[in-house]
Amino acid sequence: VVLSGNQDDGSAGLRVLVDHGGTALVQDPDEAAHADMPRNAMRVVPEARVLTAAELGAAIGVLVAGAATAGDDRVG
């Protein structure tokens, strides 16, 4: 999950996570207090799901529940 912030730290790590089967969630830059970090994450990981802060919690819950149901140790 990449949230509001400056610069591009986190984008490379998000790319690695997705390349290894993870799910990328990015806060909608239009609502972020600082849009640089979410925008950079979207550029590096264009397949990331872009959600509002309010939607992120529910999305994480679904991912965690799905992993637990599948008996998978990984989340996302």
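Start with α1. Its buried residues are Ser11, Leu14 and Val18. Buried means under 20% relative accessible area, exposed means over 50%, and partly exposed is in between, with a 1.4 Å probe and protein chains only. Seen down the axis of α1, these buried residues fall within an arc of 60 degrees, so they line one face of the helix. That arc is taken from the directions from the helix axis to the C-beta atoms. The general rule: an α-helix has 3.6 residues a turn, so residues three or four places apart point the same way.

What sits on the opposite face of α1? The side turned away from the buried one carries the exposed residues Ala12 and Asp19. The cover over the buried residues of α1 includes β1 and α2. Just after α1, Gly21 takes a positive phi of about 95 degrees.

A word on the source. This is a predicted model, where local features need pLDDT of at least 70 and side-chain atom pairs count only at pLDDT 80 or more, while totals for chains, interfaces and linings use all residues. Residues are numbered from 1 along each chain as its sequence is written, and side-chain values use heavy atoms, with hydrogens and water left out.

On confidence: pLDDT is the predictor's confidence in each residue, from 0 to 100. The mean for the protein is 89, and 89% of its residues reach 70 or more. Among the elements, strand β2 (residues 49-51) has the highest mean, 97. Helix α3 (residues 53-70) has the lowest, 87.

The overall layout, then. There are 3 helices and 2 strands. Along the sequence the pattern reads α-β-α-β-α. Helices here are DSSP runs of H or I with at least four residues, strands are runs of E with at least two, and both are numbered from the N terminus. Of the 76 residues, 29% are buried.

Contacts next. A contact means heavy atoms within 4.5 Å. Take the contacts between residues at least 6 apart in sequence: 64% of them join residues at least 24 apart.

On to α2. Met37, Pro38, Asn40 and Ala41 are buried there. They cover an arc of only 165 degrees around the axis, which puts them on the same side of α2. Their cover includes α1 and β1.

Stay with Asn40, in helix α2 (residues 36-44). Buried or exposed? Asn40 has a relative accessible area of 18%, so it counts as buried. Leaving out residues up to four places away in sequence, Asn40 touches Gln7, Asp8 and Ser11.

Now the loop between β1 (25-27) and α2, where Ala33 lies. Ala33 is exposed, at 68% relative accessible area. Its C-alpha atom is 7.4 Å from that of Gly5, which is 28 residues away along the chain.

Last, the surface. Accessible areas come from the Shrake-Rupley method with a 1.4 Å probe; for residues, only the protein chains shown count as cover. The total is about 4500 Å², with 55% belonging to carbon and sulfur atoms.

Which residues form a nonpolar patch? Val1, Leu3, Ile60 and Val64 do, with about 310 Å² of accessible area together. Val1 is in the segment before α1 (11-19), and is exposed at 52%. Patch residues have over 30% relative accessible area and no salt bridge; like charges are joined within 9 Å, and nonpolar side chains (Val, Leu, Ile, Met, Phe, Trp, Tyr) within 5 Å. A salt bridge puts a side-chain nitrogen of Lys or Arg within 4 Å of a carboxyl oxygen of Asp or Glu.
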